[in-house]
Amino acid sequence: MRHKLNRFSGGQALFIAAALGAWVLCASMAHAAPGAHGPNGEHLDAPGAAVNASGLARLPDGSVNVPKTAQRRMAIRTVLAPESDAPATVELPGRVVMDPNASGRMQAVHGGRIEPGPKGLPVAGQAVRRGEVLAYVRHHAEPYALGTQQAQLAELRAQRQIAEQRVQRLEGLEGTVPRKEIDAARTEAKSLAEREGSIGASLTSREALTAPVSGVVARADLIAGQVVEPRDVLFEVVDPARMLVEATTADAGLAARLAGASLQGVPGVSLRLLGASRSLRDGVLPITFSVRASKPGTALPLAIGQPVTVVAQSKERTKGVVLPAQAVVRNPSNEPIVWIKSGAERFIPQPVQFRPLDAGTVVVTQGLSADNRVVVQGAPLIAQIR
């Protein structure tokens with residue numbers, strides 16, 4: 001090499017030597033680009049991996065080549081991953097339940113046949129106001145009891161007619177009979193008329209089912225003419241802006257260590273701890289949270305009975321890398337990974353361990369180092385490249 005450089009002038013030889021040195025330096029940096037090191041300093045780049053810069057491609061070492069134009073189309077965004085302190089979290093199974101102060105349940109006190117209300121029978125999802133009549137329950141007595149009531153009604157009707165005739169006779173003799181006898185006859189006739197009206201109304205009585213609270217009908221399984229039994233649940237009305245979440249845990253001291261909570265995969269809502277039960281139910285302790293929407297008065301994106309996952313934040317702290325939840329995806333082996341940008345157009349999958357922080361954030365506890373440039377937007381699209 002030195003012999004060949006002697007054929008050039010001093011300036012030309014110096015220029016060629018500098019160019020060769022720069023080429024060697026660039027080649028070495030290509031194999032150890034920033035962000036291409038693991039948490040223990042190991043190289044994530046596989047030696048000798050060929051990069052196909054002509055288009056989207058999955059390389060033999062598992063990395064992905066994404067040209068700049070494709071990155072712009074896919075809206076790929078990356079950030080450096082600094083380590084920070086984050087609250088320790090625990091995932092709790094739970095379900096959405098009704099708020100007893102903002103919901104109501106309608107049941108029939110006595111059995112009978114369903115009749116539509118003034119506006120017809122309501123359907124699930126229909127908005128109602130407190131005190132609105134939703135339906136009627138027409139009661140039907142047993143044949144023997146019905147016959148007894150009809151006989152009693154006929155007897156009272158006859159007694160009332162006799163009492164009214166007696167009042168008319170006494171009023172015609174007013175001045176010759178004591179006033180108290182006339183008043184007593186009038187009172188007796190009035191009493192018999194009221195008893196007759198009461199028994200007559202009971203033969204054709206119906207129970208009005210009124211909405212106990214203002215809200216939305218969550219349950220309505222009735223049709224006109226349907227026969228219902230006593231204490232059957234006919235309607236449920238809930239306030240769509242006020243619900244509760246009931247989570248369960250086997251740790252009796254967890255409620256005292258909670259600093260906050262959120263619903264996994266349900267952004268736009270917040271949880272507030274109401275209390276924890278001191279009595280085991282099916283071997284676990286229920287913990288109740290109130291649910292509120294970010295915008296007051298708006299309907300919650302939840303349904304009664306819906307299973308949810310509560311991410312409970314503890315007062316304890318843990319070290320890790322805080323990332324958006326969409327940055328963590330799954331590889332073909334169903335392992336959680338993040339995509340690290342190791343070059344201008346190359347992305348490397350890195351297995352990680354993470355814990356959710358809230359509905360849209362996770363903390364990666366193992367698998368990343370401080371100089372990794374992690375894909376935080378478009379990671380699912382990169383994972384689909386084959």
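Analyst: Gladly! Two strands count as paired if DSSP finds at least two bridges between them. Keep in mind that this is a predicted model.

User: What makes S4 and S17 a pair?

Analyst: Eleven bridges join S4 to S17, and the pairing rule asks for at least two, so the two strands count as paired. They run antiparallel. One of the bridges links Ala86 to Thr318 in S17.

User: Which strand pairs with S17 over four bridges?

Analyst: That is S22, residues 361-366, again in the antiparallel sense. Leu323 has Val362 in S22 as its bridge partner. S14 also joins S17, through five antiparallel bridges, with Ser262 partnered by Val311.

User: How do you know that Leu263 is in contact with Val245?

Analyst: Contact requires heavy atoms within 4.5 Å, and Val245 is on the contact list of Leu263, along with others including Leu271, Leu302 and Val310. These residues are also among those with the most contacts inside the largest nonpolar core, which has 21 residues. S4, S14 and S17 are among the elements that give two or more residues to this core, while S16 gives the largest share, four residues.

User: Why is Glu207 said to have no salt bridge?

Analyst: A salt bridge needs a side-chain nitrogen of Lys or Arg within 4 Å of a carboxyl oxygen. The nearest side chain of opposite charge, Arg206, is 11 Å away, so Glu207 has none, although Glu207 is buried. Glu207 sits in strand S9 and touches residues including His110, Tyr136 and His139.

Technical notes. Residues numbered from 1 in each chain as written. Predicted model: local features only at pLDDT ≥ 70, side-chain atom pairs only at ≥ 80, totals over all residues. Heavy atoms only, no water. Buried < 20%, exposed > 50% of the residue type's maximum accessible area, 1.4 Å probe, protein only. Lys, Arg positive; Asp, Glu negative; His and termini not counted. Core = buried A, V, L, I, M, F, W, Y, C linked by side-chain atoms within 4.5 Å. Lists of a residue's contacts leave out its neighbours within four places in sequence.
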